[in-house]
Amino acid sequence: MEIQNYKKRIVDEKIERYLKLFGAVCIEGPKYCGKTWSGRYHAKSESLLYTKTGGKSNEVELAKISPEIILEGEKPKLIDEWQEATNLWDEIRYDVDRTGLKGQYILTGSSTPKRDGISHSGAGRFGKIQLRTMSLYESGDSTGDISLKDICDGKKISKATGEVDLRKLANLIIRG
């Protein structure tokens, strides 16, 4: 699927790798961190289980009654807000087991699903990826010259950062 104005994420490489390792990838994280956009970027078709106004779509009832219809489409298929029809988890697990194919589904959702209707953990079939809000590097507010990973790994960093505008810094912290 073609997505205009998609900002590449550091996690994109991990999603690609997981699509090669698992039959399904489940992207989890807080609301508005980019789960749907990242899923769409890697998907070839989609089912959205919500409406533009934020309510449940007719596809939620369809997913509960005839989940095989929701699973149709070019793969990998994005199923956004999948937790609205938790029966999809076991249907996807069954399909992954049946076909043995990797990279079939991308699931995204904003909340932790109730375990009602889910009989299997998904181990070996689902690769789980935790997505966070964009880093300053991803949003373009940092050059990436100084790596937090390098700092956490104990590497010595000797680089001048230049002038720091405290108002801008406060705004970036509040924005998230």
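D95 counts as buried, at 8% relative accessibility; buried means under 20% relative accessible area, exposed over 50% and partly exposed in between, computed with a 1.4 Å probe on protein chains only. D95 forms a salt bridge with R98, with 2.4 Å between the closest N and O atoms. The term salt bridge stands for a side-chain nitrogen of Lys or Arg within 4 Å of a carboxyl oxygen of Asp or Glu. Because D95 and R98 are three residues apart in helix α5, about one helical turn separates them. R98, for its part, is exposed, with a relative accessible area of 54%. Helices (H or I, at least four residues) and strands (E, at least two) are DSSP runs, numbered from the N terminus.

This is a predicted model, in which local features need pLDDT of at least 70 and side-chain atom pairs count only at pLDDT 80 or more, while totals for chains, interfaces and linings use all residues. Residues are numbered from 1 along each chain as its sequence is written, and side-chain values use heavy atoms, leaving out hydrogens and water.

The structure holds ten salt bridges, and here are three of them:

| D95 | R98 | 2.4 Å |

E138 is buried at 12% relative accessibility, and R9 is buried with a relative accessible area of 8%. D150 is partly exposed at 25%, as is K155 at 48%. Salt bridges with shared partners also join D90, R93, D97 and R125 into one network.

Now to a charged residue without such a partner. K77, in strand β3 (residues 77–80), is buried yet has no salt bridge; the nearest side chain of opposite charge, E59, is 6.0 Å away. Lys and Arg count as positive here, Asp and Glu as negative, and His and the chain ends are not counted. A polar atom of the K77 side chain does lie 2.6 Å from the backbone oxygen of I70.

Finally, the packing. A nonpolar core is a set of buried Ala, Val, Leu, Ile, Met, Phe, Trp, Tyr and Cys residues joined through side-chain atoms within 4.5 Å. The largest has 17 residues, of which I79, L88, I92, Y105 and L107 touch the most other members. Helix α5 gives the most to this core, with four residues. A second, separate core of 13 residues includes I15, A43, I129 and L131.

Methods: Polar contact = N/O pair within 3.5 Å; in protein donor to acceptor, adjacent residues only side chain to side chain.
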